[in-house]
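Dear colleague,

I am passing on the structure below, followed by some notes on what turned up when I went through it. Please keep it open beside the text as you read.

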Amino acid sequence: MNTTFQPKTKRIFWTPEHDDILKERFQTDYLHNIATHLGFSLSSVAKHARELGLRKDNPTGRNRDARAFVEMEYTNLSYQEMAERTGLHRFTIVKIARELGLSRTPEQLRTIRSRRRKELIQKERRRIIFGLDQRTNIKVVSNNQKIRLRGSLKRIGYILGTDGHTFFYYPGLTRHLVKEANGKELGFTFLPLPTACTEETEDYSASPAASANGQTIN
């Protein structure tokens, strides 16, 4: 049982005097500075500012640039992307968009969501390839073993074809027979690099040597 004495903090109530201070400082100070001065949370001060109908007459240079950016990119980027690029909070971007009266069509929304999902899936796939845990619950691969082997083969010098399943080896590459056998079981195909492409890889020799049984030799 925790017997540590916890002193009670005195609750502060919003008064008309707080309204007067907020109205006096609203145009010249940041809301978080006003909140600190009054002893209230930022959300509480912002709420009372809205109730009083207060709005910045002359936004700071940073906010002017942000407003111009939001107006230009609103139909192309998500709120989070605009927040990251302007350095502002996502809720601030939402507020700016509302003040500017911006809107998106259903098609524009679908395009943004689809692009964001594809980007997220690509990031998660890269994490899996490098042996890292996923950050989301999105199912991005159907066969983790296949994804890891594909990444391993590329790292030791095999060239992946455009179909994602064919690997090419060139004359200077020491082949890894065990990985090739595992790859064939997973549906990969291994072929010699076409003659027209071999000249580009003659000087490439980054992979470790392998013995006849496929074990690597340092």
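In strand 3, Leu-191 is the bridge partner of Phe-168, and Pro-192 of strand 3 stands opposite Tyr-169. The model is a predicted one, in which local features need pLDDT of at least 70 and side-chain atom pairs count only at pLDDT 80 or more, while totals for chains, interfaces and linings use all residues. Residues are numbered from 1 along each chain as its sequence is written, and side-chain values use heavy atoms, with hydrogens and water left out.

The strands and helices named here are DSSP runs numbered from the N terminus (H or I of at least four residues for helices, E of at least two for strands). Strand 2, residues 166-169, pairs with strand 3 in the parallel sense over four bridges, where pairing requires that DSSP finds at least two bridges between two strands. Three strands in the order 1-2-3 make up an open sheet with mixed pairing, and its edges are strand 1 (159-160) and strand 3 (189-192), each of which pairs on one side only.

Helix 8, residues 144-155, lies across strand 1, strand 2 and strand 3 and runs at about 20° to strand 2; axes are lines fitted to C-alpha atoms, for helices over the stretch in contact, and angles run from 0 to 180 degrees between N-to-C directions.

On the helix 5 side the contact includes Tyr-79 and Met-82, and on the helix 6 side it includes Arg-90 and Ile-93.

Finally, the count of aromatic pairs comes to five, a pair being rings of Phe, Tyr or Trp (its six-membered ring) with centres within 6.5 Å, and planes under 30 degrees apart counting as stacked, over 60 as edge-to-face and the rest as tilted. The ring centres of Tyr-158 and Phe-190 are 5.7 Å apart with planes at 75°, so this pair is edge-to-face. Tyr-158, in the loop between helix 8 and strand 1, and Phe-190, in strand 3, are 32 residues apart, and their pair links distant parts of the chain.

Key
Contact = heavy atoms within 4.5 Å.
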